[in-house]
Structures are given as structure tokens and as C-alpha cells.
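The sequence and structure come next.

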Amino acid sequence: MSADLGAQAAGQPGPEYSYWDYLRHEAFPTFWCAGCGDGIILAALAKALAERGRAPHEVVAVTGIGCFGKADDYLKTHSLHGTHGRALAFATGVKAAKPELTVVAMMGDGDCATIGGNHLIHACRRDIGVLALVSNNLNYGMTGGQFSATTPSGSRTVTSPLGHAEAAFDLCALAEAAGAGFVARATAAHPELLRRLIYKALGRPGFAFIEVMSTCPTHFGRANRLGDAAKMLMALRDQYRGGEGLGVLVQKDTPGFSASYRAVQVAAAANPAKRAGEGR
Ligand SMILES: Cc1ncc(C[n+]2csc(CCOP(=O)(O)OP(=O)(O)O)c2C)c(N)n1
Ligand code: SF4
Ligand SMILES: [Mg+2]
């Protein structure tokens, strides 16, 4: 029994929602391979939403294309399944139009930072109140394991069978450099930390970026002889054993785009002659 259900059974008031309320049970089992890290990230998000007490209809899950881009299929929130690399562009539009909604863009490393890199840097700069939740499995899982902008130099993929010749982006450093007010990292081997980070991020008015180092045993793992899914998770746990590089890396108090834009709207209403394109 979960702690929530335990409290209810003991006659104490429990939280209004459980993670269970955010999942589309009829869509299970998921499309993901056994041992894929994506399910761990989905569960952490559902738990954090429940903890925040956001009703499912107040939440919009926005995705592009990719294995992690299937995540919205399993959420009983509003969802918007867009095109590859454009999740943050769609999410920006949703949040700009309806700032009262909780908007989460769920993206793979390809979706977010390879084809979608330009949208990422501008979302960071704009400080729009969207949570960017990235499953970084170091390759394009859905299309068969090609290298992406986060594939480590020297590693093997189907498009770098002799070792990748390029350097990888450090996504958190990229988000920080682009001006993100909240940047954090967890791994699929640290689900509790991930839940806490998502909870924190959901409380911010501005943009939040969370990178989850994840596992693709089917492609990246196989190509680099990293062993089965369990071995890959244990390797992630060991890689971050000291905690360096994990947790909240950047946290600033920023108003968020919706508040700044609202201030401009109020100013425009008070000064009609100064509206863009008028009074020249
Ligand atoms: C414009 C466009 N280019 C390419 C594709 C093909 N495509 C679909 S998913 C994908 C890569 C997905 O990788 P990532 O975003 O890392 O997600 P993962 O599958 O690893 O979770 C690509 C290249 C596409 N659907 N649309
Ligand atoms: S191909 Fe890789 S990323 Fe896609 S579901 Fe399978 S393990 Fe996960
Ligand atoms: Mg990927």
C-alpha cells in the first residue's frame, strides 16, 4: 500500500490525487522495450504531479517524436503530440495562451537538443513557464540508434560504427548558458531524486529544465556492449555515486514569461498610443 493510501486507511485526510490518477491504464503495456528508462521517468512525473495536487485536466503533456515522445500516450492529462523537435514550440504556445495550465514538454535528446536545439535555447532565454523533461539516452532510440547531439565522443551507434567523431553537448550546461532559471539532473537509476526535482520544477513560474540520464538497452547499450538493462542502470548509479552533477544545478528567482508579458499587456492597455506599430 502506498503512503497516501495508508494515510487514508488510517482515517487521516490523504492527498487529493495519487500517481495512479494521471495514467491511462487502458494504454498499457507501453510501447517501450523491457528495461527502457522511459517508464521510470513517466512514473516520477505522475508522482510529482500528484504531490503538487494538479488536477489531470490542469496539466498538458506536450511531446514531439521519439520513444520518449510516446509518453503522452500513457498520461490521462491533456496532451499534444506534435512533430519531431517542436515540442517546446508547441508547449510555448500552450503556456502563452493559457498560463494557468501546467505544461510539461517531454522530449528525447534528439527531439530536445538535436533537431530541437534552437527551440531549446530560446525557451531557456524566454523563461516561459514550461517544464522541459528530457530523457537523454544518448541516441535516437526510435529510429534504430543513430547518434544524436548527446552521443559521447568515441561511442558506437549505427551511424558511427567505428566510434563517434563529434563531441557531445552537456545539456545542463547548455540550458544554463542559454539562461534557464532552473536546471537539474537526475538519472533513471535515481527515481526518488527525479520525483523531487520534478516537484520543485513544477512550483516555478518560469522555465525549468531537467535532464534525466536514461538507458536505451536495445540500441545504445547493445552497440556499446554495455550489458542488459539492469547492468546499464547499475552503471548509471555508479557513475553518479558521489552525487556530483546530480540534483539542482541552477536555481534563480525569475518572474517567468507569463508575468512579464502580462505586465506588457497592462502597460499597453494604459498607453494605447505606444502599442507596437502605432503612433510612429
Ligand atoms: C522532421 C523529422 N525528422 C526526422 C524524423 C525521424 N525521427 C523520428 S524519432 C527520431 C529521433 C528520436 O530520438 P530522440 O528524440 O532522442 O528520442 P528517443 O527515441 O531516443 O527517445 C527521428 C530522427 C521525424 N519523425 N521528423
Ligand atoms: S528503442 Fe531504446 S529508447 Fe526506444 S523503447 Fe527501446 S530501449 Fe527505450
Ligand atoms: Mg534519445
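## Ligand 2

A residue is taken to be near a molecule if its C-beta atom, placed from the backbone, lies within 6 Å of it. The model is predicted. Around ligand 2 stand Trp 32, Cys 33, Cys 36, Asp 38, Cys 67, Asn 137, Gly 141, Met 142, Cys 216, Pro 217, Thr 218 and His 219.

Seven residues of this shell are nonpolar, four are polar and one is charged. Helix H8, residues 217-223, gives the most to the shell around ligand 2, contributing three residues.

## Ligand 1

Ligand 1 is surrounded by 17 residues, and the closest are Gly 66, His 84, Gly 108, Gly 110 and Gly 141. Gly 141 is also listed around ligand 2.

The shell around ligand 1 consists of nine polar, six nonpolar and two charged residues. Its largest share, three residues, is supplied by helix H4, residues 109-114.

## Helices H2 and H7

Two packed helices are described by the angle and the distance between their axes. For H2 (residues 38-52) and H7 (residues 191-202), the axes come within 8 Å and cross at roughly 45°. H2 is therefore oblique to H7. The crossing of H2 past H7 is right-handed.

On the H2 side, the contact involves Ile 40, Ile 41, Ala 43, Ala 44, Leu 45, Lys 47, Ala 48, Glu 51 and Arg 52. These meet Pro 191, Leu 194, Arg 195, Ile 198, Tyr 199 and Leu 202 of H7. The residues in the contact of H2 with H7 comprise 11 nonpolar and four charged, with no polar ones.

Technical notes: Residues numbered from 1 in each chain as written. Chains lettered and ligands numbered in written order. Predicted model: local features only at pLDDT ≥ 70, side-chain atom pairs only at ≥ 80, totals over all residues. Axes fitted to C-alpha atoms, helices over the stretch in contact; angles between N-to-C directions. Helix = DSSP H or I, 4+ residues; strand = E, 2+ residues; numbered from the N terminus. Parallel < 35°, antiparallel > 145°, perpendicular 65-115°, else oblique. Left-handed = near helix turned anticlockwise from the far one by under 90°. Contact = placed C-beta atoms within 7 Å. Nonpolar A, V, L, I, M, F, W, Y, C, P; charged D, E, K, R; others polar.
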